[in-house]
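Me: I would like to go through this structure with you, piece by piece. Please keep the answers plain.

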Amino acid sequence: MSAAGKRVLVTGGSRGIGRATALAFARAGNAVGFNYSRSEDDAEATETLAALRATGVPSFASCADVCDAAAVTQLFAEARDALGGAVDVLVNNAAVAQDAPLMMMKDESWDRVLDVDLRGAFLCCRAVLRGMIASRWGRIVNVVSPAAFVGQEGAANYAAAKAGLLGLTKSLAREVARFGITVNAVSPGLIETRLVDEMQGERRKEIERQIPLARLGTPEEIADVIVFVASPAASYMTGSTVHVDGGLAMR
Amino acid sequence: MDRDHVRSEVKQLLVTGLRLQIPAAEIADDVPIFGEGLGLDSIDALELVVLVEEQFRVSIPDEDVGRKALASVNALVDFILAERAA
């Protein structure tokens, strides 16, 4: 089922869903790279890279900010060298949240979240497309959120960015379909990651009560679906969203 | 590199790369590559950008440059020669 033998890049891969996804691709026999943005992620990135190396596939990690166009160009050049060719599978997973009710939201919080969660994905897609068109094969998987579909109190910036990423997903899917490139979204619900841990306790409990499967998901449960979407088994799927959210959104 | 040589390479690339159903020799130098001319669309242009960049080692970074460079065979030849001279 897995897309073995491909070159995969996962953004925001040092921890959480990104790390689980990088590892799942590596265990399936793909060369895997990831980036991480903040210097404080160094220890986690080192740990993730060691886990990737232990699987025996070519792997690499780079500290690069996805909203910096020059850094993104550099990242994909590094990936090409380290993985032995252009990236075949891109997972746009890097995301931040800076919650506040919209009335109280700072300009910087709006801009930062849109920059990382939306512009970052745009820049990474643009950076991989030439290689994918040249090989007439590619898989792009964008990690979105139920917030994109049903909104989220206190996270208008995040919901807007993820809804924007869905628009990008569908538009790009149309643009590159004829080249054998598929572009899909995976929408994880509430997952045990730091991004969710940062949520305030009351809101988290409230959301948990709304999950039909009555529990948070694990990063591995998302990673498995992302690997599936990039696999030959999902070859007739593009512009779609797979909801992996315990029944939260039911779209 | 001489203009006639680049021109024939460009036409050959259009035919083989974009799978045109006409012989390279029948492509007029000034016919628009996209739209009415050769019947190619703006998405075909993406593949042409990749092919031209690869074969001629030039960069067509964005829509503005692409629109001019890919206007016609002549325009593309001019662009390639100018980029290589730079």
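Me: Let us begin with one helix. What covers the buried residues of α4(B)?
Reply: The cover over the buried residues of α4(B) includes α1 (3–17), α2 (44–56) and α3 (63–69) of chain B. Please keep in mind that this is a predicted model.

Me: Which residues of α4(B) are buried?
Reply: The buried ones are B:Val73, B:Ala75, B:Leu76, B:Val77, B:Phe79, B:Ile80 and B:Leu81.

Me: How many residues does helix α4 of chain B have, and what does it reach from its first C-alpha to its last?
Reply: Helix α4 of chain B runs over residues 73–85, which is 13 residues. It reaches 18 Å between its first and last C-alpha, close to the 18 Å expected at 1.5 Å a residue.

Me: And α2(B), how many of its residues are buried?
Reply: Ten of the 13 residues of α2(B) are buried, so this helix is largely enclosed by the rest of the structure. The buried set includes the acidic residues B:Asp44, B:Glu47 and B:Glu53. Also buried in α2(B) are B:Ala45, B:Leu48, B:Val49, B:Val50, B:Leu51, B:Val52 and B:Phe56.

Me: What do the buried residues of α2(B) pack against?
Reply: They pack against α4 (107–135) of chain A, together with α1 and α4 of chain B.

Me: How far does α2(B) reach from first C-alpha to last?
Reply: The reach of α2(B) is 18 Å, close to the 18 Å expected for its 13 residues at 1.5 Å a residue.

Me: What happens just after α2(B)?
Reply: B:Arg57, which follows α2(B), takes a positive phi of about 55°.

Me: Let us look at another arginine. Where is B:Arg19, and what is its phi?
Reply: B:Arg19 sits in the loop between α1 and α2 of chain B. Its phi is near 55°, a positive value in a residue other than glycine. B:Arg19 counts as partly exposed because its relative accessibility is 43%, which falls between the cut-offs of 20% and 50%.

Me: What does the C-alpha trace of chain B span, and what share of its residues is buried?
Reply: The trace spans about 35 × 25 × 20 Å along its principal axes. Buried residues make up 47% of the 86 residues in chain B.

Me: What is the span of its C-alpha trace?
Reply: Along its principal axes, the trace of chain A spans about 45 × 40 × 30 Å.

Me: Is A:Asn157 buried or exposed?
Reply: A:Asn157 counts as buried, at 0% relative accessibility. This residue lies in helix α6 (residues 156–176) of chain A. Leaving aside neighbours within four places in sequence, A:Asn157 is in contact with A:Gln98, A:Met105, A:Ser109, A:Trp110, A:Val113 and A:Leu114.

Me: And where is A:Ala214?
Reply: A:Ala214 is in the loop between α8 (201–209) and α9 (219–229) of chain A. Although not a glycine, A:Ala214 has a positive phi of about 55°. At 61% relative accessibility, it counts as exposed.

Me: Is A:Leu216 buried or exposed?
Reply: A:Leu216 is buried, with a relative accessible area of 7%, and it is found in the loop between α8 and α9 of chain A. Beyond its neighbours within four places in sequence, A:Leu216 is in contact with A:Leu190, A:Glu192, A:Arg204, A:Glu208 and A:Ile211.

Conventions:
Residues are numbered from 1 along each chain as its sequence is written. Chains are lettered from A and ligands numbered from 1 in the order in which they are written. This is a predicted model: local features need pLDDT of at least 70, side-chain atom pairs count only at pLDDT 80 or more; totals for chains, interfaces and linings use all residues. Side-chain values use heavy atoms; hydrogens and water are left out. Helices (H or I, at least four residues) and strands (E, at least two) are DSSP runs, numbered from the N terminus. The expected span of a helix is 1.5 Å times one less than its number of residues. Buried means under 20% relative accessible area, exposed over 50%, partly exposed in between (1.4 Å probe, protein chains only). Contact means heavy atoms within 4.5 Å.
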